[in-house]
Amino acid sequence: MALTKLYPSDYNQKLLQAQSDLSPDLFERHIKIDSELNEQIQASSLNYFQDSWRRLKKNKGAMIALFFAIFIVGVAFLAPWISPFDPNAQHPEWAKLAPKIPWLAQFGIFDGMGVNRAGIAYDVYAQKGVPADVYFTLGTDALGRDLLSRILHGTRISLIVAFVAALINLVLGIIYGLISGWLGGKVDTVMQRILEILTGIPNLVIVVLMLLLLRPGLLSIIITIALTSWITMSRVVRAQTLRLKNQEYVIAARVLGQSPLKIMFQHILPNMLGIIIVQVMFAIPSAIFFEAFLSFIGIGIPAPQASLGTLINDGYQTFRFLPHLMWYPALMISVLMLSFNILADGLRDAFDPREEE
């Protein structure tokens with residue numbers, strides 16, 4: 001079989017002839033492309049907080065903690081209306097009753113039964129002559145007060161202290177940190193030395209001094225916590241201010257003649273809201289624990305009012321014979337602090353745009 005040798009001119013002629021034989025009718029379009037639809041953005045645009053919420057929802061632990069935190073806060077602030085009894089009403093004849101829930105008694109739990117020194121179980125409610133339609137879900141203390149009602153009201157007081165302290169922490173910390181970071185120089189140096197002096201004073205010393213000046217109670221505890229709790233917030237805000245005040249948009253606002261106050265609250269502060277929210281969430285459980293500590297050592301909420309700290313203190317004194325008087329308040333404060341801490345961790349990850357998906 002002889003091979004035909006093609007020269008470049010012959011090859012080009014055959015290629016042109018093959019191309020001329022092709023026509024658009026020989027091809028069929030399988031996908032219809034709409035130029036207008038192609039240019040549309042399919043995903044909806046999200047702002048910073050919407051994107052942070054989307055990231056937070058992916059964190060199952062943080063969402064569970066958020067549910068518990070909202071539930072406990074809601075129940076605590078509805079305590080005056082949902083408490084089964086007056087938390088301060090004393091019934092000495094019904095003192096030291098065991099927990100009882102009628103529909104669980106058939107399963108042998110929360111049945112109001114006690115054990116005497118001989119190890120024999122007996123019905124505490126029947127022995128003390130409690131009416132059949134009266135029962136105490138978590139039992140009563142040594143004065144016959146309903147423990148559930150006192151826990152609800154005690155949680156309410158602890159949360160009030162925590163939220164007010166967090167609010168003061170927020171206001172003082174932001175103002176002090178913004179001024180220190182914005183002015184810088186010698187003013188910043190002096191303001192930071194003042195913070196170091198305040199940090200060096202133990203909180204317990206401040207508590208004792210405040211109690212010498214003020215009567216023990218809710219107001220004195222709030223003031224005591226607020227005196228030093230804002231220092232961490234101010235340092236965080238100062239560090240962010242030092243970083244943000246050299247950004248291009250802040251420099252542009254200064255060139256345009258905007259006042260420093262307007263720049264701080266309209267350009268710098270909104271860009272650190274995520275960090276501020278996380279700091280507030282961490283400050284709430286710290287305030288709850290500090291209030292409980294003060295009440296536990298006897299210099300907190302005075303009787304007959306109750307907080308989680310005073311309830312734990314009362315239960316600690318009778319823990320050997322009535323352990324439930326301490327276990328339930330301790331469980332409440334543990335769940336409350338754990339929920340806020342886990343939620344704060346989740347918020348810290350959600351507000352960090354550098355966090356990997």
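These legends go with close-up views of helices in a predicted model.

**View 1. Helix α14 packs against helix α15.** Two packed helices are described by the angle between their axes and the distance between the axes. Here, α14 (residues 273-296) and α15 (residues 308-317) meet at about 45 degrees, and their axes lie 7 Å apart. The two helices are therefore oblique to each other, and their crossing is right-handed. Look for Ala 292, Ser 295 and Phe 296 on the α14 side of the contact, with Gly 309, Thr 310, Ile 312, Asn 313 and Tyr 316 on the α15 side. Sorted by class, the residues of this contact come out as four nonpolar, four polar and no charged.

**View 2. Helix α15 packs against helix α16.** Now follow α15 to its contact with α16 (residues 324-350): the angle is about 145 degrees, and the axes are 7 Å apart. The crossing of α15 and α16 is left-handed. From α15 come Leu 308, Leu 311, Ile 312, Gly 315 and Tyr 316, and they meet Leu 325, Met 326, Pro 329, Ala 330, Met 332, Ile 333 and Leu 336 of α16. That gives a contact with 11 nonpolar residues, one polar and no charged.

**View 3. Helix α11 has a bend at Leu 227.** This helix runs over residues 218-244, which makes 27 residues. From its first C-alpha to its last, α11 reaches 38 Å, close to the 39 Å expected at 1.5 Å a residue. Find Leu 227 along the helix, and you have the spot where α11 bends by about 35 degrees.

How values were computed: Residues are numbered from 1 along each chain as its sequence is written. This is a predicted model: local features need pLDDT of at least 70, side-chain atom pairs count only at pLDDT 80 or more; totals for chains, interfaces and linings use all residues. Side-chain values use heavy atoms; hydrogens and water are left out. Axes are lines fitted to C-alpha atoms, for helices over the stretch in contact, and angles run from 0 to 180 degrees between N-to-C directions. Helices (H or I, at least four residues) and strands (E, at least two) are DSSP runs, numbered from the N terminus. Angles under 35 degrees count as roughly parallel, over 145 as roughly antiparallel, 65 to 115 as roughly perpendicular and the rest as oblique. A crossing is left-handed if the near helix is turned anticlockwise from the far one by less than a right angle, and right-handed if clockwise. Contact means heavy atoms within 4.5 Å. Ala, Val, Leu, Ile, Met, Phe, Trp, Tyr, Cys and Pro count as nonpolar, Asp, Glu, Lys and Arg as charged, and the others, Gly among them, as polar. The expected span of a helix is 1.5 Å times one less than its number of residues. The bend at a residue is the angle between axes fitted to the seven residues ending there and the seven starting there.
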